[in-house]
Amino acid sequence: AGSKDNPDAKASGGPAATTLRIAVSSYLSSWDQDFVGFDLTALMLFKNVYPYMIDYGVTSAGDSQILDTANIAPTFAESFEPDSTQKIWTLKLRPGVKFASGNEMKAADVKWSKDRAFAAQANVAGIYRTIGLTKAEQVVVKDDYTVEFHQEFPSALTKQIQAISLYVFDSVEAKKHATEADPWAKEWFAKNAPTGGYFNVAKATQGQEIELTANTGYPGPDGAKTPAIRLSVVPAAANQRLQLQAGDIDIALGITGQDLQDLKKVEGVKVLSAASNNQVAIQMSVTTAPFDDVNVRKALAYAVPYEQIIKNVYGGDARPTRSLVPLDMPGYAESGYPYAYDLDKAKQALAASGKNAVSSELVFEAGNDEQQKIAVQVQAEAAKAGITLKLTPLDPATLGERRGQKSIPLQITTGQLWVNDVEYMLATSFVKGAALNYSNYTNPEIEQIYTKSHTTVDDAARKQLWAQVQTILAADVPWVIICQPNFNLPVREKVAGWVQPMDGLARLRYLSASA
Amino acid sequence: MAEVQLASADSVPVVSGARDGRFANTLIYVGSGILVVAALAAIFAPLLSLWGPTEIDPSGTLAPPGGAHLLGTDGNGMDVWSRLLHAARIDLGIAVCAVALAVVVGTLLGLIAGYLGGWIDDVLMRIVDIFQAFPTFILALAVAALLGGGFTNLVITVAAVNAPAYARLVRAEVRTLREMQYIEAAKTSGASTLGIMWRHLLPNSLTPVRVIAPLNCGWAMLTLAGLSFLGLGVTVPTAEWGSMISLGTSDVVAGRWWTSVPPGLALLVCVLGFSLLGEGLQERADARRR
Amino acid sequence: MLQIEDLSVVIHRPGRQVAALSNVSFAVAPGEVVGLVGESGGGKSMVARAIVGMLPSGSHATGRVGFDGDDVLRMDVAALARHRGRGAAMCFQNPRGALSPTRTVGRQLIDRLVTHREMSRDRARESAKELFAAVGIRNPARRLEAYPHELSGGMAQRVMISLATGCAPGLLIADEPTTGLDVTLTREILRQFRHAADTDGRGVLLISHDLASIAEVCDRVVVLYAGTVVESGPATQVLRRPAHPYTRALLRSVPDVGGGRVVPTAGGMPLLTAAPRACPFAPRCAHATATCRETCPETKTLSNGWSLACFHPQEAPLFDTADSRGVPGDESVGGPADSRGVPGDENVGGAAGSRGVPGDLNVGGAVPSAGAGGAAAGRVVLRVEDAHVVYRSRFSSGGHHALRGVSLELKAGETLGVVGESGCGKSTLAKLIMGLVDPSEGSVEVAGRNVRKLSRAERTRAQMVFQDPIGSLSPRRTVADSIAEPLRAAKVSSADRDKRVEAALGRMELDRSMLTRLPHELSGGQAQRIGIARALVGRPDLIVFDEPTSALDVTVQAQILDVIAGVAADAGHGSVFISHDLATVRGFADRVVVLYLGRVVEEGPVDEVFDNPRHPYTRALLGSAPRLGENRAAEVELVKDLDEADAAAGCALAARCPFVTDTCRSQEQILQPYGESRAACWRVPELPALIGKSAS
Amino acid sequence: MRILRFVGRRLLQLIPVLLGVVVLTFLLVRVLPGDPIRSILGPNATEADADAARARFGLDQPLWKQFLDYLGGLVTGDFGTSIQSGAPVTGEMALRLGPTFELVIIAVSIAVALAIWLGIWSARRADTARDHTVRIFALFGNSIPEFWLGLVLILVGYAALGWFPAPSGRVDPDTNLTPLTGADLIDALITGNGPAISSAAAHLVLPVLTLVIGVLAPLLRSVRASALEVLRSEAYAAAAAHGLPERTLLRGYLRRATLVRLPSLAALVFGAALGSTVLVEYVFSWQGFGQWALRGLLYRDYPVVQSSVLIIAFCYVLVFLIADVVHAWLDPRVKI
Ligand SMILES: Nc1ncnc2c1ncn2[C@@H]1O[C@H](COP(=O)(O)OP(=O)(O)OP(=O)(O)O)[C@@H](O)[C@H]1O
Ligand SMILES: Nc1ncnc2c1ncn2[C@@H]1O[C@H](COP(=O)(O)OP(=O)(O)OP(=O)(O)O)[C@@H](O)[C@H]1O
Ligand SMILES: [Mg+2]
Ligand SMILES: [Mg+2]
């Protein structure tokens with residue numbers, strides 16, 4: 001079916017059999033990673049077309065390959081090592097890495113790229129703060145192939161943070177487009193794909209399609225296996241599914257829920273499955289009534305139908321978790337979350353708070369089917385326990401605004417930590433002012449542990465700390481932790497080499513298609 | 001004396017050959033019949049279904065029709081039949097209320113603009129122009145984003161989208177009517193401006209409105225469904241056909257027709273009911289005009 | 001050529017059935033003009049449609065419509081296509097409506113020529129110009145490019161005639177070709193048909209409800225009543241010495257410029273559901289006997305083609321004497337009480353009659369003969385001084401100067417007639433008086449107060465009766481509501497209101513049951529009575545009648561005129577009676593004003609103006625007004641149609657006046673007294689001589 | 001000449017309307033809850049970062065100043081810079097308009113043509129079974145939500161029958177079509193790219209069909225009613241009574257007279273279709289204007305929302321103007 005019958009495809013030679021066709025749900029908002037462009041499609045593409053100096057390695061988990069966040073290796077760089085103080089990190093570039101313009105990647109490019117990131121005061125500048133990089137001056141060019149990063153303090157997270165931030169532009173080319181009014185060539189960056197990564201953008205039809213071709217000039221290990229990839233934007237999941245079934249696409253990145261279960265049975269299609277560290281939770285704002293009362297939080301924790309959600313929303317394809325620390329993260333302990341679905345206990349807990357009925361809004365992302373289904377299931381059960389929930393789907397802008405204001409009493413969050421470490425988790429989610437701390441949760445003990453963890457390197461000692469953390473969180477219940485759904489990806493049978501990204505951003509270089 | 005049947009209307013178009021209006025009546029009867037059934041289903045929804053519209057059957061989702069669920073369950077484990085019936089309340093309710101609101105607002109504007117004319121007309125009609133030129137869905141999306149997805153707000157949204165058309169319709173009608181002799185007669189009989197607008201223009205200018213309004217109710221339901229499809233209609237899990245359809249689209253692809261085909265058909269049939277009624281009224285009005 | 005035999009047409013509709021024609025027989029020979037007359041709904045158009053084979057859907061026709069040996073009713077599609085246009089071509093009732101609005105008239109004519117005369121389009125173009133010229137269209141080359149809406153009514157009718165003749169038909173059918181046209185034009189148009197018969201040898205079937213106007217041109221006349229032929233024969237015979245009571249009633253309903261009043265016949269025509277089993281006119285006939293109500297009279301041929309369907313032919317002269325026309329004739333004694341014998345009588349007018357309102361409008365005694373009375377010297381109810389009205393056009397500057405310096409004065413008890421051709425500003429004058437338009441110059445006072453400063457209640461001191469009887473009633477208000485409107489404005493209490501409404505209704509001799517009806521349930525005549533009741537109910541100082549009868553059927557018109565005569569004679573108020581038809585004014589106006597292009601060209605006591613016209617325009621109008629039983633040539637003929645005459649400087653009539661001199665073209669004419677009347681023409685003293693010269 | 005003056009006058013009348021739309025949209029997007037900036041910054045951004053970003057887009061200015069800047073930009077044809085993409089809106093919009101216009105114009109043209117043909121056909125057979133069938137079918141089409149219909153057509157035309165290409169774009173990328181206007185069929189025709197022509201046409205079929213089915217009914221109803229009115233008019237009867245042949249009647253007396261009332265309805269339908277393509281675009285992965293505007297709205301990309309509303313409003317009023325001109329041209333009675 002489909003375009004295979006299309007005579008035109010034959011007339012023009014058709015797509016090379018080796019071209020991988022991938023459906024995504026939306027087009028990237030911009031090619032400029034510093035100033036704008038912060039959606040998942042964009043981040044995924046950036047991973048494949050920007051030259052990142054270091055990246056995660058690959059390890060196998062069960063019968064699937066996954067990215068190994070513990071093992072970060074240089075890719076476009078030759079090496080990235082700290083000095084003895086752990087404060088100065090030296091990046092040595094690999095000679096012979098070329099941008100599409102023919103310019104060789106030099107230290108000046110790295111410097112300019114990072115200067116630009118600091119100037120943008122956006123994404124990268126924000127994450128760099130966690131490792132003590134706040135000013136452009138902290139990035140120092142030593143020679144043409146050597147750059148030093150001078151951190152304010154040593155950090156266990158440096159490699160992890162740099163793995164997601166150390167990308168480099170062709171500064172010589174970019175500067176040609178800089179103007180007085182636009183010193184960072186924003187306009188040019190927004191419209192022109194960067195070059196030098198594993199793939200080059202051969203063609204991009206705004207909103208519709210992107211064609212990637214392998215960068216054959218890449219001198220490092222693990223070059224792209226597929227010569228060409230075509231990403232097409234197919235917003236409707238049903239549509240992606242039809243095309244996958246018909247063989248008109250090879251990989252569908254926008255399929256969730258029940259469809260995945262169905263596709264497992266479809267001939268010619270396989271569903272790659274891997275455990276993930278994707279956490280699904282309901283964050284309760286501990287500073288907003290009624291969830292400022294720990295008993296109300298407990299009541300909700302007892303009222304959520306965990307098993308039913310796993311069954312109804314994920315088709316059973318999710319792991320129940322018993323801690324706010326994700327499964328697979330070092331330090332995970334079952335005791336971290338002693339709550340299970342039990343309406344009687346929920347009622348008791350509510351009674352303990354002195355109320356017999358509470359109500360609140362439950363916020364989730366508009367257009368996110370999974371979250372919507374969870375919300376529906378939670379609403380139905382919570383109502384039985386006396387907790388009335390008003391479902392409030394919010395569009396990205398409103399959600400962003402309200403999250404910024406920290407004014408959401410109850411919200412569903414899904415996501416994975418880019419760094420598989422409790423310290424990072426605390427830093428992003430549980431300390432005062434942390435960006436993802438939508439619960440507005442603060443606890444002096446946690447703050448103490450967090451500070452202590454900076455300087456604790458001993459594994460056992462850290463584990464000790466993490467156990468403490470989980471005991472505290474179990475008592476305070478800032479989140480209802482629901483489950484960790486497995487990562488599932490429906491692909492055509494010929495697709496091979498998929499590496500499950502722990503950050504959710506596909507590394508397309510590993511993919512290949514057997515004829 | 002031979003009796004001959006003259007060439008029928010088919011081959012020889014004839015002057016003022018009034019149609020027999022039987023088809024118009026059929027349309028009206030079928031249309032209103034559908035709507036009456038839908039309205040009854042909406043009113044008696046709780047009696048006609050065993051499950052609540054948002055009640056989750058813990059035994060599982062996507063159960064096929066039969067057994068405990070007449071039309072199976074949807075992706076949330078809710079009873080499709082019950083939701084189908086309860087949705088009629090929302091859909092018909094919003095459509096009818098919204099159109100009623102649009103008619104009231106539009107008619108008043110059109111009446112004032114059409115009869116008073118001059119700068120008032122210019123200003124009002126430019127405002128109407130602005131609203132009409134405003135893209136329907138963006139207007140709807142904006143109102144939905146601004147006010148949220150509740151019943152009242154959806155009524156306002158859909159009414160805002162439709163009111164300009166009525167303003168134009170009524171204004172055009174009033175502008176012809178105000179040249180009529182009976183308006184002059186009323187003036188010479190000392191009727192006040194308000195009296196003329198209220199007693200003479202309003203009842204007569206509503207004739208085309210009566211025909212358009214049912215058709216419009218159908219379109220309003222479609223608009224509502226479209227909004228739900230974009231996630232801007234009623235919030236889940238409120239039973240509403242548009243949102244049921246859009247939640248069930250992937251199910252159809254998988255062959256689980258029961259989650260979205262029934263609401264799709266219900267929507268189609270109700271919109272059709274309104275359309276038939278409107279078409280019938282139109283035809284009857286045409287026949288009367290002749 | 002045309003031989004209709006026993007033609008009956010029944011139209012079936014769900015829920016009702018109409019016997020439109022019953023056993024109609026007559027013939028038309030080449031070169032002959034046959035008039036088909038009768039009231040609205042009599043079936044005249046149905047006959048025309050039967051001849052071209054275009055009966056409405058659901059019609060069942062029996063009998064024979066013979067045309068050159070074939071039967072139209074039995075023609076197949078191809079034969080019909082050949083017959084239409086070439087065999088018989090029809091001129092439609094409403095020429096503007098019958099011309100396709102989106103195609104130039106030239107192309108419409110060329111289409112006909114190409115189809116029926118097998119001409120090439122170029123050749124047809126040339127012929128088209130000739131045809132246009134032949135029907136009196138000036139500048140035909142330019143007019144070919146005109147769209148119908150750009151044409152005046154007269155012009156459109158000429159085009160329609162040229163379209164019909166363009167088909168080169170054997171028989172030309174003209175369905176009410178002059179309805180809605182001015183008197184001056186009517187003559188001209190009718191002459192075209194006579195011409196078609198005389199020079200081209202076509203047969204012409206001329207359909208009209210207006211006997212007087214077709215009297216001149218017809219060779220023979222067929223009178224239809226309720227779908228039956230009641231009388232037919234040579235025009236002179238039927239129109240001067242009619243024997244059938246209906247024909248006589250019809251003729252006496254026609255107002256006459258010569259003076260005297262119309263004699264109304266009560267009731268309305270029944271709407272038949274089946275071929276009549278009795279004389280259809282019996283319910284309205286004064287001579288009806290039991291026989292008439294039980295059996296259908298046979299059509300008897302009396303002499304040279306004169307035939308009649310009546311048991312009681314009348315032979316008395318139509319009018320006793322010329323000036324005693326006001327005295328009721330024998331047939332006018334109103335409807336007999338029982339007309340329920342008419343099966344399925346659905347006609348609302350008929351229903352009113354059948355309710356047996358005795359002598360629906362008794363003409364006699366109560367009302368003094370108007371012309372004679374003269375105005376009682378009452379208070380002044382209306383004073384218009386040097387009024388100008390300019391209609392501004394919406395976008396461009398300038399506008400239409402509809403009234404130019406009109407001055408009038410009217411006392412209570414007096415009736416002022418206003419006459420003039422269409423478009424001369426009569427309605428504008430009425431609106432001006434009613435305060436519906438503002439004068440751009442000059443002033444209007446009603447009962448001594450400037451109309452622009454009147455309060456809502458005071459506005460009702462002047463009332464108006466409109467041209468379109470049904471259209472002037474609010475479609476969704478009941479009759480009671482409509483009549484009460486002025487009372488409501490005057491803040492009369494509701495109990496009082498009801499009483500006065502009923503009284504007004506009673507004065508119009510309408511039944512109480514009317515009160516709850518809606519306008520569409522009324523017949524034209526009833527609606528106009530309601531309109532008059534509304535005007536009367538507030539006891540106004542002034543009533544303005546704007547062509548109150550021109551939309552009505554002949555016999556109904558006579559009834560309404562009679563009512564108005566009664567109302568106008570009331571001393572409590574003054575009346576302004578506007579009409580394009582001079583004859584209707586003569587009956588009861590005290591004074592008359594002749595308007596031409598927004599100016600008063602002549603003014604004076606009614607008899608003086610009519611019997612002794614001064615201004616050439618008045619003379620022309622009077623000359624073209626048809627008079628039954630007289631064949632007069634007009635003394636003065638205007639040379640162009642009104643819409644072609646431009647009012648530049650000087651006398652407005654200059655472009656059309658046969659007596660025009662350079663002085664006329666340069667000098668504005670003002671009203672000057674000549675005898676009892678005043679006229680705006682400096683040549684009045686010379687005119688009799690001039691007319692004499694041109695006549696000889 | 002007169003027509004020019006008419007157009008000129010109407011264009012002048014558009015100014016207050018468009019200005020009203022501009023003001024309304026400007027205020028509306030700012031009144032809406034939601035922060036346009038947060039979503040481009042990432043979760044780690046501080047308030048200071050957000051302020052810096054706001055300053056970059058001039059959103060820190062007082063409202064009146066922002067408005068004047070925006071107006072100033074509009075006058076020079078500058079619609080501002082998209083907050084989401086950082087690229088000038090003008091360019092993006094140009095890219096997105098082509099596909100949508102292609103879809104809507106083709107669909108409405110086909111619907112109008114079909115409505116004219118079917119409407120007249122149906123009117124000439126008024127009150128026969130065939131007439132009723134056509135009308136009922138049109139009503140059916142009009143009663144199905146477009147997104148639902150689109151899905152059904154995809155299921156049938158693509159998944160089951162395989163007659164049409166995958167609903168994942170507007171033209172097969174392997175045809176190497178050079179984009180010029182964004183309307184792929186037009187581009188293919190201009191560049192004479194044969195395979196692209198057929199591919200673009202094949203991709204158009206289902207979405208166009210969806211729109212056509214959706215909008216046909218009102219057009220058909222209108223044409224049929226006017227055709228009936230003409231057929232029953234005295235004018236038509238007069239022409240028929242004069243024995244004019246069928247063809248002349250149809251061409252000279254029926255068609256044009258029937259069409260006089262259509263233009264304004266067609267304009268209305270065009271406007272509605274333009275407004276509702278967002279659904280069809282979504283279902284057929286047709287990345288046009290609607291999808292772009294919708295995304296702009298969801299992310300509160302002020303310049304994008306402002307300009308998309310303005311453009312749609314402009315098209316709308318322009319189409320109405322065109323409709324009036326066409327009407328005046330069709331109907332000699334119209335005074336302009
Ligand atoms: N299409 C039709 N359907 C039903 N009845 C009709 C139709 N056309 C005419 N009639 C009826 O047939 C009768 C004769 O009508 P016709 O039009 O011939 O009258 P007419 O003498 O021409 O009247 P007018 O002076 O008003 O033109 C009337 O009673 C009328 O109601
Ligand atoms: N509202 C108006 N705007 C512009 N011109 C008008 C308006 N009303 C009337 N006229 C013009 O003024 C002139 C006088 O019109 P009016 O209606 O008074 O004529 P009339 O004598 O009553 O004619 P008729 O016998 O046809 O009713 C006509 O040429 C008419 O076209
Ligand atoms: Mg007639
Ligand atoms: Mg008039």
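Mentor: First, a polar contact is a pair of N or O atoms within 3.5 Å; within protein, one must be able to donate a hydrogen and the other to accept it, and residues adjacent in sequence count only if both atoms are side-chain atoms. This is a predicted model, so local features need pLDDT of at least 70 and side-chain atom pairs pLDDT 80 or more, while totals for chains, interfaces and linings use all residues. Residues are numbered from 1 along each chain as written, chains are lettered from A and ligands numbered from 1 in written order, and side-chain values use heavy atoms, without hydrogens and water.

Trainee: How far is an oxygen atom of ligand 1 from a polar backbone atom of Lys44(C)?

Mentor: Ligand 1 lies between chains B and C. On chain C, a polar backbone atom of Gly41(C) is 2.7 Å from a ligand oxygen. For the backbone of Lys44(C), the distance is 2.9 Å.

Trainee: What percentage of the area that ligand 1 exposes alone does the protein bury?

Mentor: Start with ligand 1 on its own, exposing 630 Å² (Shrake-Rupley method, 1.4 Å probe; for residues, only the protein chains shown count as cover). Of that, the protein buries 79%.

Trainee: How many salt bridges link chain B and chain D?

Mentor: Here we want a side-chain nitrogen of Lys or Arg within 4 Å of a carboxyl oxygen of Asp or Glu. Arg135(D) and Glu283(B) make one, at 2.4 Å from N to O. The count between the two chains is 3.

Conventions: A residue is near a molecule or strand if one of its heavy atoms lies within 4 Å of it.
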